[in-house]
Amino acid sequence: MNELSQRRTHTLCFLIASVGLSDEQREFQKVAFDFAANEMAPHMAHWDQNEIFPVETMRKAAQLGFGGTCVHPDVGGSGLSRLDASVVFEALSTGCASTTAYMSIHNMCAWMIDTFGNNEQRGKYCPDLCSMEKFASYCLTEPGSGSDAASLLTSAKLQGDLYVLNGSKAFISGGGDTDVYVVMCRTGGKGPKGISCLVVEKGTPGLSFGKKEKKVGWNSQPTRAVIFEDCKVPVANRLGIEGQGFNIAMKGLNGGRINIASCSVGAAQACIQLTRDHMHVRKQFGEPLSNSQFLQFKLAEMATRLVASRLMVRQAALALQEDRPDAVPLCSMAKLFATDECFTICNQALQMHGGYGYLKDYAVQQFVRDIRVHQILEGKSIWQKMRPLQNQKFL
Amino acid sequence: MTARVLVGVKRVIDYAVKIRVKPDNTGVVTDGVKHSMNPFCEIAVEEAVRLKEKKLVQEVVAVSCGPQQVQETIRTALAMGADRGIHVEVSGKDYDSLGPLQVSKILAALAKKEEASLIILGKQAIDDDCNQTGQMTAALLDWPQGTFASELVIEGDKVKVVREIDGGLETIKLNMPVVVTADLRLNTPRYATLPNIMKAKKKKIANMKPGDLGVDMTSRVEVLRVDEPPQRQAGVKVESVEDLVSKLKEAGRI
């Protein structure tokens with residue numbers, strides 16, 4: 001029996017996931033769950049094992065409005081709130097965490113252009129990004145600067161009405177296959193205030209890509225270095241003013257962190273359901289595993305961690321959309337907590353599948369591999385611990 | 001051009017849920033269980049919306065009978081493209097005993113009130129598998145019916161329906177107004193898009209009671225008992241063909 005083709009029974013898990021949501025949010029969630037179950041889950045193993053970037057499926061999702069969730073409707077977006085988007089990505093992630101994570105990055109880029117771009121830039125890029133006619137990548141990290149993002153070296157020297165870019169970005173999700181690159185680069189002096197944000201289009205002379213990285217997970221999205229060699233980009237492609245780039249990047253990441261955390265939550269929910277189903281089926285010592293008190297307790301713990309993670313993430317989403325002063329630390333805390341807890345859940349789920357959990361025939365190992373990286377990118381867990389303390393209000 | 005299509009949508013336990021019988025055997029557990037629109041009703045809504053997109057009908061009205069929660073189901077129909085909804089409030093004991101007879105009376109009354117010329121329903125609901133509402137509605141209205149439709153084409157004031165029957169496919173032509181019930185292969189329902197879900201919020205759902213339509217809700221059916229299907233029995237291995245034949249004779253099968 002191919003577990004991956006078995007439709008997951010939502011019942012109680014689904015209902016807990018929709019607690020506290022408005023009727024409209026439940027409708028969004030329902031569409032996202034259905035899309036995940038019908039269009040993504042049956043293919044997630046195939047995409048993972050063959051390293052396929054599922055362009056057609058993502059475009060179908062975009063037709064439903066998932067390409068620009070928080071982008072304004074006047075440029076093709078769905079105009080959702082942060083909480084709406086979190087609910088959507090959490091549900092989509094139950095179908096494939098890796099693809100949903102890429103979609104959340106794409107959404108982050110579309111939002112950055114929509115929020116910080118002028119009307120020409122919004123009109124030029126957002127409609128195609130919202131429909132996923134074009135795909136986007138977020139370029140901040142470099143070989144020499146990950147956590148220490150503000151020390152980035154990629155330079156952008158002004159020559160007339162062009163910036164000339166030199167440098168390279170590392171670990172770029174979608175790199176090489178995407179069309180629009182949102183690039184943080186140095187136009188001024190050292191530190192965050194010298195950084196600007198430029199939109200670079202694929203095909204620009206001087207823009208090239210490294211080899212496709214071989215990863216433990218996130219295989220349904222290619223990851224490559226993005227290389228700039230005297231790459232000339234019009235000044236008109238700059239989002240906001242010079243020196244605003246770091247601020248734009250960090251604002252983008254607030255939402256990005258919520259969405260990555262949401263993907264972890266969705267993956268954990270899927271794993272709990274898979275584990276529960278497995279426990280009904282698998283017998284040892286003459287009884288189904290579901291009769292084992294120890295395993296019942298374990299499952300209850302996992303469910304508790306899931307609900308706690310979800311609450312943190314949704315609380316942070318609300319704070320962000322209401323522009324509350326505690327929004328940034330809450331986003332960092334939610335990302336820290338949810339990605340760690342949900343990885344623990346998925347890992348535990350793998351354990352409870354026994355030997356079968358280690359086989360690629362079973363979806364649980366893919367969720368484990370896919371969300372492991374959520375503890376690393378968009379703010380390594382250890383730095384997430386620092387950020388809330390750095391906020392003056394907590395000291 | 002046909003003015004109005006009435007589409008019935010039923011809120012049922014989601015098809016993927018494992019059904020459990022209540023301990024008192026009076027029914028199945030519905031509290032805290034995921035519900036959604038009956039899959040055949042989804043197909044009916046999809047067909048109606050497609051007719052509207054082809055400009056063959058002017059308005060699609062989604063109807064559901066039940067308690068407050070059925071408004072979710074009507075909203076889903078609105079998000080798929082229906083223009084407005086009608087919620088016929090039925091709750092408590094009336095809802096427990098609600099069946100095809102009462103629903104068809106309600107639909108017939110609404111069809112007259114709304115001056116609908118086409119009613120599209122799912123062929124049956126996945127909870128009771130009655131496969132009666134469409135047929136009863138047509139009988140009450142004295143309208144022709146095209147049931148188990150796998151294809152529906154409007155040709156002027158007539159409707160061509162291809163029906164899936166045991167012997168194959170039967171094509172019939174009916175004079176409007178008609179009742180059509182949707183079968184699985186009629187179409188593949190669309191996902192509601194996020195923008196359409198948001199637009200659906202603004203669409204109107206009218207509330208009414210069966211009494212407003214002059215419908216008698218008394219049930220002629222009483223459910224005595226609900227049980228789980230019998231557990232599948234283990235099989236028996238036999239050594240030879242003679243054994244097999246004697247065992248079959250014992251069981252009265254031959």
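How many residues of chain A are in contact with residues of chain B? The count is 23 residues of chain A against 20 of chain B, where contact means heavy atoms within 4.5 Å. This is a predicted model, in which local features need pLDDT of at least 70 and side-chain atom pairs count only at pLDDT 80 or more, while totals for chains, interfaces and linings use all residues. Residues are numbered from 1 along each chain as its sequence is written, chains are lettered from A and ligands numbered from 1 in the order in which they are written, and side-chain values use heavy atoms, with hydrogens and water left out.

Back to where the chains meet. About 1900 Å² is buried between chain A and chain B, with carbon and sulfur atoms giving 64% of that area; buried area is the accessible area (1.4 Å probe) that two parts lose on being put together, summed over both. Across this interface there is one salt bridge, a term for a side-chain nitrogen of Lys or Arg within 4 Å of a carboxyl oxygen of Asp or Glu. The bridge runs between the side chains of Lys201(B) and Glu24(A), at 3.2 Å from N to O. On the side of chain A that touches chain B, α1 (11-17) and α2 (23-40) of chain A each supply at least two residues. Helices here are DSSP runs of H or I with at least four residues, strands are runs of E with at least two, and both are numbered from the N terminus. The most comes from α2(A), with nine residues. An aromatic cluster is made up of Phe35(A), Phe66(A) and Tyr191(B).

Now for the rings. Over all chains, the whole structure holds eight aromatic pairs. Rings of Phe, Tyr and Trp (its six-membered ring) pair if their centres lie within 6.5 Å, and planes under 30 degrees apart count as stacked, over 60 as edge-to-face and the rest as tilted. Tyr181(A) and Phe209(A) make a tilted pair, because their ring centres are 5.5 Å apart and their planes sit at 35 degrees. Tyr181(A) belongs to strand β4 (residues 180-186) of chain A and Phe209(A) to strand β6 (residues 207-209) of chain A, so this pair ties together parts 28 residues apart in sequence. Tyr181(A) is buried, at 0% relative accessibility, whereas Phe209(A) is partly exposed at 25%. Buried stands for under 20% relative accessible area, exposed for over 50%, and partly exposed for in between (1.4 Å probe, protein chains only).

Glu46(B), in helix α1 (residues 39-53) of chain B, is buried with a relative accessible area of 2%. Leaving aside neighbours within four places in sequence, Glu46(B) is in contact with Met80(B), Asn187(B), Thr188(B), Pro189(B) and Arg190(B).

Most residues other than glycine have a negative phi, and most peptide bonds are trans. The bond from Met176(B) to Pro177(B) is cis, with omega near 5 degrees, and Pro177(B) sits in the loop between β9 (168-175) and β10 (178-182) of chain B. Asp230(A), not a glycine, has a positive phi of about 50 degrees; Asp230(A) is in strand β7 (residues 223-234) of chain A and is partly exposed at 47% relative accessibility. Phe285(A), also not a glycine, has a positive phi of about 55 degrees. Phe285(A) is in the loop between β9 (283-284) and β10 (287-288) of chain A and counts as exposed at 87% relative accessibility.
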